[in-house]
Amino acid sequence: MEEMIRRYDSSLESIQFTVNGQPDRHWLSIFRLSSRQDIHATKIILRYMLLFLLLLLVPAISLAGMADSQMERRLSEMGVRRVFGAMKGGLMKQLMVENMLFTFMGAVTGLLFSYLLVHLFRRWIIHIGTGQIYVNAVPEHIDVVIAPSVLLNYTIFIIAFLLCLLLNMMITIIPAWRASRREIVYSLHNK
């Protein structure tokens, strides 16, 4: 295509023909508002990366604070377990397994809750984005069925789950490591 444009431009005397980097890839075409507008992909990617980072950073800080306070509450339990011979690595492993179990339960609960909401609001969801012309797109006597396979993109779900798992591991490791390294006497007297 670029070769054809170059040949066409050479046949013109004063006008230069340009396609502004088109044809675009699909993800980039979403951000093109006009065929005459040039898209700065690096600015778009950086903007969205910053937005996603902020959206993940705020909950991560909150979860880190909650995990730290949970470790402080369980410090006396860990001290008693260490008195009876529990190893630091074993305590860390148990805390990590507990948090991974909670993450898995949260993912399954969130998935089931989202299916329930979609099922309850399925007639309303069908009408989202339709103008006044298509108000009766689905007649009243027809039941709307949205299959779960339509709702779930397994790749995105697995990536989001693994990201949450990684974030949860990072948030859990530091407080668990600090709690397991405290002296037994301090752990026993902590209430």
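Residues are numbered from 1 along each chain as its sequence is written, and side-chain values use heavy atoms, without hydrogens or water. Because the model is predicted, local features need pLDDT of at least 70 and side-chain atom pairs count only at pLDDT 80 or more, while totals for chains, interfaces and linings use all residues.

View 1. Leu56, Leu163, Leu166, Met169, Met170, Ile173, Ile174 and Trp177 make a nonpolar surface patch of about 740 Å². Patch members have over 30% relative accessible area and no salt bridge, and nonpolar side chains (Val, Leu, Ile, Met, Phe, Trp, Tyr) are joined within 5 Å. A salt bridge here is a side-chain nitrogen of Lys or Arg within 4 Å of a carboxyl oxygen of Asp or Glu. Areas come from the Shrake-Rupley method with a 1.4 Å probe, and for residues only the protein chains shown count as cover. Helix α8 (residues 154-181) gives the most to the patch, with seven residues. Helices are DSSP runs (H or I, at least four residues), numbered from the N terminus.

View 2. Trp177 sits in helix α8. Its relative accessibility is 44%, so Trp177 counts as partly exposed; buried means under 20% relative accessible area, exposed over 50%, and partly exposed in between.

**View 3. The largest nonpolar core.** Eight residues make up this core: Met71, Leu75, Met78, Leu91, Met92, Leu95, Ala176 and Ala179. The elements giving two or more residues to the core are α4 (75-83), α5 (88-120) and α8, and α5 gives the most, with three. A nonpolar core is a set of buried Ala, Val, Leu, Ile, Met, Phe, Trp, Tyr and Cys residues joined through side-chain atoms within 4.5 Å. Look for Ala176: leaving aside neighbours within four places in sequence, Ala176 is in contact (heavy atoms within 4.5 Å) with Met71, Met92 and Leu95.

**View 4. A cluster of phenylalanine rings.** The structure holds three aromatic pairs, and ring pairs link Phe104, Phe157 and Phe161 into a cluster. Rings of Phe, Tyr and Trp (its six-membered ring) pair if their centres lie within 6.5 Å, with planes under 30 degrees apart counted as stacked, over 60 as edge-to-face and the rest as tilted. Phe104 is partly exposed at 48%, and Phe157 is partly exposed at 28%.

Notes:
Patch = residues over 30% accessible without salt bridge, like charges linked within 9 Å, V, L, I, M, F, W, Y side chains within 5 Å. Buried < 20%, exposed > 50% of the residue type's maximum accessible area, 1.4 Å probe, protein only.
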